[in-house]
Amino acid sequence: MMKRRNFLVAAASGLAMTGLPRPAWAAGRAVAGRSSASYAMFLSGLRQQALTAGVPSSIVEQSLALAQAPNQDVLRLDRHQPEFTLTWAQYRARVISSAREGKGQQAYQRVRGTLSPLGVRFGCDDNAIMGIWGLESGFGEHQGRFNVIEALATLAFDGRRAAFFRSELIKAMQILAQGAISPANMLGSYAGAMGQPQFMPSAYLRFAADGDGDGKCNIWSSEADVFASIANYLGRSGWQRGEPWGEEVAVPLGNNGKFTSIAATSSKHAPVHPVSTWQALGVKPIQSSGFQAPQASGSLIQPDGPGGQAFLVYHNFRVIRAYNPSDYYALAVGILGDRMAR
């Protein structure tokens, strides 16, 4: 039986012969294979740029030896990103599972002695660190299978955002020059997100932190460095220790004279009001003990619109969005983190 990969190549060739338009993925392969000479010229320019940026020649040569040709799997994944949109309910069902929650609770008990002091040191709370660690890499188990240098070189040569990935590639070499990881062991996603917290190289240079005191920031295999780096990212983004990210609430249905469609579907442009204002409009906390932050201000969001779950989100919710600018992601981090670490 013809392998699927070979079948796709054959199908692309057949389309070209008939004069029919080639699909996007086939066009991408054609560009990637335009000539070994053009890729060699690309590497030559990259080598000079890296040396000019102060990367030692030994690191440059070791790095580029890992990127001798564009990685076709990287290009395929870059061209075939899903084009469907999940509802919050669908996303929640996929991401916030009892299995992940249970695994996270066990992981937290194992690492708490390391994680908690680092949270205090860098100004973050345990629940946020755990939520991000769980979502980004499944508590360190799924860091990505691609060599970061090869992936970034591929996308810098033939990607949709070549300039961005070229800049990230130079930064990746600068990281290698610091000695925290070897070029061959610098693994991550097809788009260059690295290690257990899935930092892009630019984020690593800004936020990676040494949690175990060995003078290096190893976000691949040192859990202390992973926790310190996530905590440093959130702490420097304005995290307020001891304050909640948000909470689920109940909202009145219809028009009761005070409440008329004041919940937004997105936090991006949602109005911010004191909790007392939301309370006066009929918003009630799901938990019986009352609002978690009665003196705070927040935004009311219903990601799936009227009738769906509603949340009152506070300052720390927006800090999580600095890590990943998605309401769904921030909600999942908050909910999972609370369940695992509290």
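Helices (H or I, at least four residues) and strands (E, at least two) are DSSP runs, numbered from the N terminus. The structure is a predicted model, in which local features need pLDDT of at least 70 and side-chain atom pairs count only at pLDDT 80 or more, whereas totals for chains, interfaces and linings use all residues. Residues are numbered from 1 along each chain as its sequence is written, and side-chain values use heavy atoms, with hydrogens and water left out.

The chain contains 15 helices and seven strands. Of its 342 residues, 48% are buried, a term denoting under 20% relative accessible area, with exposed meaning over 50% and partly exposed the range in between (1.4 Å probe, protein chains only). The accessible surface of the chain amounts to about 16,200 Å², and carbon and sulfur atoms contribute 53% of this area; accessible areas come from the Shrake-Rupley method with a 1.4 Å probe, and for residues only the protein chains shown count as cover. Among contacts (heavy atoms within 4.5 Å) in the chain with a separation of 6 or more, 71% join residues 24 or more positions apart.

Two packed helices are described by the angle between their axes and the distance between the axes. Axes are lines fitted to C-alpha atoms, for helices over the stretch in contact, and angles run from 0 to 180 degrees between N-to-C directions. Helix 9 (residues 148-158) packs with helix 10 (residues 162-178) at an angle of about 155 degrees, the axes lying 8 Å apart. Helix 9 is therefore roughly antiparallel to helix 10, on a scale where angles under 35 degrees count as roughly parallel, over 145 as roughly antiparallel, 65 to 115 as roughly perpendicular and the rest as oblique. Helix 9 contributes Val148, Ile149, Leu152, Ala153, Leu155 and Ala156 to the contact, and helix 10 contributes Ala162, Phe165, Arg166, Glu168, Leu169, Ala172, Met173 and Leu176. These residues comprise twelve nonpolar, no polar and two charged, where Ala, Val, Leu, Ile, Met, Phe, Trp, Tyr, Cys and Pro count as nonpolar, Asp, Glu, Lys and Arg as charged, and the others, Gly among them, as polar.

For helix 8 (residues 126-137) and helix 12 (residues 223-236), the axes come within 10 Å and cross at roughly 115 degrees. Helix 8 is thus roughly perpendicular to helix 12, and their crossing is right-handed. Ala128, Ile129, Ile132 and Trp133 of helix 8 meet Glu223, Val226, Phe227, Ile230, Ala231 and Leu234 of helix 12. Nine of the residues in this contact are nonpolar, none is polar and one is charged.

Val111 belongs to helix 7 (residues 98-122) and is buried, because its relative accessibility is 2%. Apart from residues up to four places away in sequence, Val111 touches Met130, Trp133, Glu223 and Phe227. Val111 and Glu223 are separated by 112 residues in sequence and by 8.3 Å in space, C-alpha to C-alpha.

Most residues other than glycine have a negative phi. Phe139, although not a glycine, has a positive phi of about 60 degrees. Phe139 occupies the loop between helix 8 and strand 1 (146-147) and is buried, with a relative accessible area of 9%. Gln198 likewise has a positive phi, near 55 degrees. Gln198 is placed in the loop between strand 2 (187-188) and helix 11 (201-207), and its relative accessible area of 17% makes it buried.

Notes
Left-handed = near helix turned anticlockwise from the far one by under 90°.
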